[in-house]
Amino acid sequence: MFERFTQGARATVTGAVTHAERAGAGSVTEEHLLLSLLDRPGGRSAFALTALGLTDRRSSLEAACAEARRRGGLTQADTDALAGIGVDVDAIVARVEDAHGEGALGGDRGNRRRWPGRRSFTGGAKKILEKSLRIALGRGDRFIGEEHILLALTAHPGIVADVLADHGATYTTVERALYGAGGADEAKAG
């Protein structure tokens, strides 16, 4: 599959590994893929991210991802739904952090058998890359570009998709920013 990646898509994956290394994470996550896309100037994904105003709201995206990580992966919608049945997630997180330290629910404790310079990809990050292939094939493209990775991030349920949606970037809005109002039909016709 990696042979189908454009230079920009390969740079996105490499950049995600760099983000994981800087963060001291044991694995490359969907969030690292998003941060790498936000770093990339030029290209179709950068155009879509700028058109949707996300490049100017990077710190808000990072904070929302960090807060969801702190809650053990629960999105704000999950937290609100649990609050509706009387479960105070913030109180639970506070108690867990009091007992086990800040970020105890964050999930990534690092890989004890880590090899220097090698980061594995989480199951979610692998699914994003697989989904980008399916999106590219569905669009009739013979390559996988950064734009396909961005679309996959919005299409695959999880923290990153929820954070992007909260910031106005759903599959539909990203597709519209990339390909215009006609979406797939316009891209094939043009």
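**Group meeting talk: helices and core of a predicted model**

Let's start with the fold. Read along the sequence, the pattern is α-β-α-α-α-α-α-β-α-α-α-α-α. That gives the chain 11 helices and two strands. Helices here are DSSP runs of H or I with at least four residues, strands are runs of E with at least two, and both are numbered from the N terminus.

Some ground rules. This is a predicted model, where local features need pLDDT of at least 70 and side-chain atom pairs count only at pLDDT 80 or more, while totals for chains, interfaces and linings use all residues. Residues are numbered from 1 along each chain as its sequence is written, and side-chain values use heavy atoms, with hydrogens and water left out.

Now the whole chain. It has 190 residues, and 39% of them count as buried. Buried means under 20% relative accessible area, exposed means over 50%, and partly exposed lies in between, with a 1.4 Å probe and protein chains only. Next, contacts, meaning heavy atoms within 4.5 Å. Take those between residues at least 6 apart in sequence: 64% join residues at least 24 apart.

On to helix α1. It covers residues 7–23, which is 17 residues. From first C-alpha to last, α1 reaches 24 Å, close to the 24 Å expected at 1.5 Å a residue. That expected span is 1.5 Å times one less than the number of residues. Which residues of α1 are buried? They are G8, A9, T12, V13, G15, A16, V17, H19 and A20. These buried residues pack against β1, α2, α4, β2, α7 and α8. Just after α1, G24 takes a positive phi of about 70°.

Next, the core. A nonpolar core is a set of buried Ala, Val, Leu, Ile, Met, Phe, Trp, Tyr and Cys residues joined through side-chain atoms within 4.5 Å. The largest one here has 38 residues. Those with the most contacts inside it are F5, L33, F121, L129, I149, L153 and L164. Helices α1, α2, α3, α4, α7, α8, α9 and α10 each supply at least two residues of this core.

Look at two of those residues. L33 sits in helix α2. Is L33 buried or exposed? L33 is buried, at 0% relative accessibility. Beyond four places in sequence, L33 contacts T12, V13, A16, A125, I128, L129 and L153. L33 and V160 are 127 residues apart in sequence, yet 9.5 Å apart in space, C-alpha to C-alpha. L164, again beyond four places, touches L34, L54, L61, L153, T154 and A169.

Now helix pairs. The axes of α8 and α10 come within 9 Å and cross at roughly 160°. That makes α8 roughly antiparallel to α10. Axes are lines fitted to C-alpha atoms, for helices over the stretch in contact, and angles run from 0 to 180 degrees between N-to-C directions. Under 35 degrees is roughly parallel, over 145 roughly antiparallel, 65 to 115 roughly perpendicular, and the rest oblique.

G43, R44, S45, A48 and L49 of α3 make the contact with E146, E147 and L150 of α8.

A77 is exposed, with a relative accessible area of 54%. A77 and D162 are 85 residues apart in sequence and 8.4 Å apart in space, C-alpha to C-alpha.
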